[in-house]
Each structure stands twice: as structure tokens, then as C-alpha cells.
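Good morning, colleagues. Please have the structure open as we proceed.

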Amino acid sequence: MAASRPTPEGHPARGEHGYETPRDAPPPPVVALRDVWKSYGAVAALRGAHIELHAGEAHALVGENGAGKSTLIKVLAGVRKPDRGVLELDGVRTEFKGPQDARAAGVAVIHQEPALFPDLSVAENVFAGRQPRGRFGRIDERAMRERAHALLARLGVPLDPRRPARGLSIADQQIVEIAKAVSLETRALVMDEPTAALSGPEVDRLFSVVNALRAESTAVLFVSHRFAEVTALCQRVTVLRDGAHVSTGPLAETSVDRLVAQMVGREPDALFVRRREQRPPGDVVLEVEGLSRAGAFRDVGFHVRAGEIVALAGLVGAGRSEVARAVFGVDRRDAGRVTVAGRTLPGGRPRAAMAAGLALVPEDRRQQGLVLAASVQRNATLPRARQLSRFGFLVGGAERRAAREWAGRLRTRYGDLDDPVGTLSGGNQQKVVLAKWLATAPRVLIVDEPTRGIDIGTKAEVHRLLARLAADGVAILLISSELPEVLGMADRVLVMREGRLVADLPREAADEESVIRAATGQEAPA
Amino acid sequence: MSTEAPTRATRAPLREALRLPRRLAGWDAAVVVLTVLTLVVASGTVEEFGTTRNATFLILDLAPVLLLALPMTLIVVSGEIDLSVASTVGLTSALMGELWANGLPLETIIPLAVLAGAVLGAFNGLLVTVLGLPSLAVTIGTLALYRGLAYVLLGDTAVADFAREYTRWTIGSLGDSWVPNVVPPILLLVTVFALVLHATPVGRSLFAMGANDTAAAFAGIPVERTKFWLYVVAGAVAGLVGAYWTLRYSTARADNAEGLELTVVAAVLLGGVSIYGGRGTLLGVVAGVVLLTSLQNALRLAKVSADALTVVTGTLLILSVLLPNVTAALRARLARRAAPAAPPPREPAHPAPAPRGPAPEPTRRDGTP
């Protein structure tokens, strides 16, 4: 960097673009993007986006999927060059030629799923590529450990720097990434949906780390779909819609409803469907007894009736997804019985479960739910290829018709049925997964985090869909980490803690407090 | 077809009609063109290449490669590999010699050879699926193991006095023509494998597990079991090739078909099957086999030494792995310049057609009715 960094006092706050800068904070923003445009071919991802990150301030960036948040982050990280617009560091116009420029300028990005070296220790991960050197260029293991230890202590997280990264929870992996960022003298920390896979206490810990950094005058950009977290952590919020800047302002002066309205450009019909008319549930369709799998869960038993939505709540890592996988048969079970409509399922045989009318929409859409490289059509018809074949052969466009019908029913947006499903947006990918399973006409549907990482519009559609399926008599087991979703959708709430089922709350007894208490193991006050 | 007509008509009918050619217009189409070109050029420049006599020999030489390439294609598409096929040919050939020397009739020996191949394949399959070992390591191991067993059986000796009517039929031709007797059964097998790969649920599941075996398992596909049976089939076909090889040259030797796995894998990759799994067509593989073997045949006729031929095979193998990666990288770079790949999740331009009815109601962008 040839240009010397000016003293913050030397530059008065700029206001020529017509949006407010805080009057009582004269130093210019650490990083600012002004009127940034970016197109990918014919698709405009950013159309005049603004953002200012101030020292010591947590700034929220919200918007539906496809609003341009990812592109904005890529511009900040130096991964993408904007077509037009200004990037400023401390009020000085500059340009990032690549990610290394952004890093050198003190901009660090924490991704939703950190990429650590699993076989290296925590300390080695923090200092990967720039380990402290001892004599003869040897890596000074001890200095590295001590510095990593000091960093983690500064973040207030008791992680052993010597332990390998393999086996760390996603939350701990993020902490390691943050420690890495801090060791790099980061002045602006960009976090792309960091809480998507975290449980409540993990989120709290992350936030206290972020607040500690903020106190050291780091600027923070926080991207999230969860408004409760945005409100808890951030001071200011910027709304993006269709790549354009909609508003920026203090969070205290706005409301969730208003933000949502700005994001979608219309009044929100309802954030979560509160299911209204409920008929008495029918017969028990899914019955699970004494289900155990070593190291994952023990002695889990519950049932779901036709037309009932039963939520399975709990912290991440409580064993909810593992139960779902064992019920479906993707994972083996060590003990227990699973019965679907009176038929006992053999363990470890998903095909038998499917034949009995069970379907599982798995938690990880990209790894478990879809073959990203395969076409929309192939994905949508994969579990049903046998039923669609005639005399064992798939001929005459049967798959095509089936795929088109279900993609249409769920209003999936795609270019062509032959396009790889990986080219679709997250919400539409999720619809393909749902279509794939709904087409099997299941009697029991297990959905694991069905709305994770998808935009509000699609989310509401998924909720309506689940409600409709239940009304049609499908038994639904809903695994979700979002309490409002659980409380809004479920007839009953099961809660798991550390591999055990600890509560079965009827709708009337289930509220945020009771579920959190059960999930964390705190006793309710008498 | 007829019930779909209205909906189709509303959506780019021309593109729908051209769907198959569009899918073909890739690597495998290029290989088909290159194969035809090679045949034409070789006929024009290499003396003797274009004769019917040579065509007969070419087909007889090509047969084992093509046969082994059929199950190999399925295995590579499913994300695995089997390098032991040529050693399985050698071992079943040695076994045939041993059994023949002990006085068993060929009517019994040939089915036994196929069965023995299946058992050898099942051993590969067990190691890969039940023990979860990487197929590359497992089949390099059995490549050595099976060849070694062949030497244990026959040593350096050869068994050569097989029944005349069998050896004659194997190298003989249909009637008075130049078309070898083995052509109809081979065509049948090619058709069967092509149908299985491209038109059955099993074929679909092979592509799925090759691209992402986790997602395949979550879709209810028995990934391990399917892979096990693939190895059994590959072994059985190798047993059949063992029988063919023995009768074609009328000798059972431990070193029969030594090193043939290289040609087979090269032909499969040359035919456009991705070494990473999940992609490929059987048509491309057939073209790859024809291209590679006729190139070898032409060069041999042009008096190029056998050692130099291995250079050609090796080079083609590397090129067929390299070129798709290079072109993909180039395409990605070009795309980034013009319209960068993987834009942020954006809605594609066309909404999905309404599920039913000839005149689909346009879906609104916000997804509300």
C-alpha cells in the first residue's frame, strides 16, 4: 500500500451521497461501499448498494435470499470487483485487487461453515501459513501455542490450543476463525450467517466474543435471517432488496415488521403461520420405541398421529437429526423399534422405510438432500425412479412429466429441467428436495430444518405447505432450531437434550420459556 | 406425449425437440467424430488397414477391451474403479487351462470361468463396500494378487490343446462374411449395459451415487449393495473375457491379458466418463474403445513397436483426464469474464410452468397466488 493511511481526524464525515452519517461520530467509517453495482452477465446482483462499517459498531445486513448480500460480502472481501462504485477505507478511496488486499486492509470474513484443517491443532489453524518461527526457520510450537492461548483467552473462550480441529463444534470452529481474524489485526469483521448452525448458548457466546471485539473498536457486519439475533447484537441495520439499498438506520428506531416489509417490498402476511383450524389428529402412524444409537441418543420413544405436526426441539447436537436418520434407516440403530402404520421397519434400510410411507427431508440440503451436479429433473425423481419405470425402463419422458408436475405444484423457479440443481437459489433447491419427497406420497414426513437459510417468502410457503399436508392427514415430524417456527407450527413439542427425550409438551404448555428450559436442563421455578 | 403437447408447445418446443442432440454435443460427440476421422485417415494412409481381413482382426482384438469397458463404465460412473479386471482375465484363463488339463469338458469349464470371475469380483466388492476401503487401493492389491495366483496355478507353462470346434468358432466369421461370430453377442451385451446405465432406475442411481453418495443414500438408494454387485458383474464379465481370450489364442497362460486394464481404463476415460464419477455415456465409451484399439491396430500395421504403443495409450489416458479439466477451467474463466459463474442465488428468468392446464397462469415473482 503506497498511500499512507490518513489520520481519521483529517477527514470529515462525508455526506455527498445523501445518506446520513452519524453526526456525533466524526471519524469516517472503517470500510464503506458507496453506490456499488455488480452484474453477472445479464443478472444485476447489486444495483447501487451502500454500506458503512464504523469502528466499534455492529451493523446488520438483512435482505431476502437473492437480495445481493452475498455479492456485497464478496466485494468487501475482495473476491469480486464491482462494476461501478466506490470502496473507501478510513474515508480514502481505494480498490481491492484480490482477497489479499482486503485482508491486508484488515477486513476479515467469517463464513457460515468454517473451513479448518481438521488434522491440525487449533493453534496451527489460527496461525496457518504464518506460524511464528524459531531458530533456523523452525516453527516455534511453543510460541504458537502461547499466542493462540492468549488470543482465545482474550475472546473469553476456553479452547485448548493443542487439540485438533477435528471434532470441534461449528461454534468452536467459528471461534477459531475469529481468533485467526483477530490475530491478523482485523479492523472489520464480516460474518455471513454465523449463527445458522448454532444453538442458543453458542449464539450467546459468539455474541459476547463479538461484543468484546467491538469494545476494542472493531467494526462488525452481521448477516442473518434471524431478527431476534440482529436486535440483540447490532446497533444499525441496512436493508437490501433486489441488489439495491433500501434503508439504513439505528435498530432502535425500527421494528421487525418494518424491516420485513422493507425486505420483501410488501407487508408481511405473517412471519410464521400460526396454524389455525386443527382437527383432532387421527391414528398413530409413526411409532418409535426405545430407539438407541451409541454415542448419539438413548432410549428415544414417541409417536406421531395422522394430521399432526410434532416438533422435535433441542439444542444443536442434542441428537435430533441423528434420531431422524435412524428412524429413516440411513443410520443404523443399536436398539429400538420403529413402526409406520403398523409395519415394523427393519433397521438401516431406507428403501423399506420409503415403501412403508416414510420420507425424510434431511438437514443438509447440499450434501444430503440433493445431487447438486445433477439436473433438477433427476433430483426431483430420484427416490421414485422405480415407480416411474415401466417394465424396468425409464422411457417416454415419465420422469420429465413427474418432475415438471411437482416443481410446478411447489412453484419452483428454474431455468430448465435439465439445469444442474446447484444453479438454483437456496429456497428453490429446498423446494426441489420437498418435491422429491412429496412426490412419493408419504404418510409420515420428517423435515429436518426445512427453512434453514431460505428467504422469508419461501419460508412462509414451506410453512403453508406443511400445514396443508397435515390437514390432508400426513403425520409430520418437524425438527427445527427456530423456536417461533416450532411454536407456530406444532401441535406438540418434543424436546431433546444430550441424546435423550426430556419433554413432551402439548401445544398449550409449549412456549419459548418451557422449551428452552427443557432443552438446556434448567428447572422451572416452582 | 399427447397429453403433454399443450404445455410443451408453450415452452420452447424447438429446444425440447433438440434435447437429445444438445446433451450429446459434448465430449462423447467429439470422440465419435474423432473415431470416424481416425478410421477414415487410417484407411487412406496405412496399407492393409482398410481391408476386411484387418477389420476381422481388429474386431477380435477390440472385443476383450470393449467387454471389460462395459462394467468398468458403470463402476467409474458410480465413483469407483476396478484395476483388477485384466488380472481376473489372466486368473480365469489359467484356471481354464488347469481344468482342461484335468479333463473337464469346455461346456462345464466356460460357466465355471464366469463363476470364478464373479467370485473374484465379489472379493473386490466385499473389500470396497463392507470394509469401506478405497477401490483404487483394493483393486491394485487384487491386480497383483490375482495375477500371482494365475502364476501359482500354471507357472510358466501354457495349456494349448483346447477343443478345435470352440477355438474355431471364436475366431470364425458369420457365414461367408468378414463379420466375426462374436459380434452379435457383444452387440447384445453393449445394448444391455447401455440400457441399464441410461434407461433404468439402477442406472440413475449409479449417476447419483457417483456425484454424491450421501445424497444417494438419503434418497433410499442401497449404495453399498449396488457397488458390490457392480464388482460381481465386472468379475463375471472378466471371467467371460478370460474364456474368450483363452479360446481366441488357444492358449491358457498366466500372463494372458497382462496390462490390459490400462487400455480399458484409458478407453473409458477417453470415452468421456469422468474419473470423479457421476458423468459419462456408454456411447462415448464404445467410441473410445474403437478409437483406441483402431489407433493401436493402425500403428502396429505401420510397424510401430509394441512398446511405443503403450506410450500412445498412456498419453491418451492422461489427455482424457486433463482435457475435460482444462476445458472446464477455461470455460469457467471465460464465463467469469463475460458472466461470472454461480451468481448469488437469484431467481432464474423463467418461472416454472403451472402444474396443469394448457394455458399456464403466470406465477407472480413474489410467489403469492
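This is a predicted model, and I begin with the outward side of helix 4 of chain B, where Val33(B), Leu37(B), Val40(B) and Gly44(B) are exposed. The helix covers residues 27–45, which makes 19 residues. From first to last C-alpha it reaches 26 Å, close to the 27 Å expected at 1.5 Å a residue.

Which residues of helix 4 of chain B are buried? They are Asp28(B), Val31(B), Thr35(B), Thr38(B) and Ala42(B). Viewed down the helix axis, these buried residues fall within an arc of 65°, so they line one face of helix 4.

Turning to the annotations, an unreviewed UniProt entry lists several spans of chain B as "transmembrane region", including 24–46, 283–302 and 308–330. Residues 283–302 of chain B are 95% helix and 0% strand, with their end C-alpha atoms 28 Å apart. For residues 308–330 of chain B, the figures are 100% helix and 0% strand, and the end C-alpha atoms lie 32 Å apart.

My last topic is Ser84(B), located in the loop between helix 5 (52–77) and helix 6 (85–101) of chain B. Is Ser84(B) buried or exposed? Its relative accessible area is 0%, and because buried means under 20%, Ser84(B) counts as buried. Its side chain forms a polar contact of 2.8 Å with that of Asn124(B). Leaving aside residues up to four places away in sequence, Ser84(B) touches Asn124(B), Thr139(B), Thr142(B), Leu143(B) and Tyr146(B).

Definitions and conventions: Residues numbered from 1 in each chain as written. Chains lettered and ligands numbered in written order. Predicted model: local features only at pLDDT ≥ 70, side-chain atom pairs only at ≥ 80, totals over all residues. Heavy atoms only, no water. Helix = DSSP H or I, 4+ residues; strand = E, 2+ residues; numbered from the N terminus. Expected span 1.5 Å × (residues − 1). Buried < 20%, exposed > 50% of the residue type's maximum accessible area, 1.4 Å probe, protein only. Arc of directions from axis to C-beta. UniProt positions renumbered as here; feature names shortened; annotations may be inferred. Polar contact = N/O pair within 3.5 Å; in protein donor to acceptor, adjacent residues only side chain to side chain. Contact = heavy atoms within 4.5 Å.
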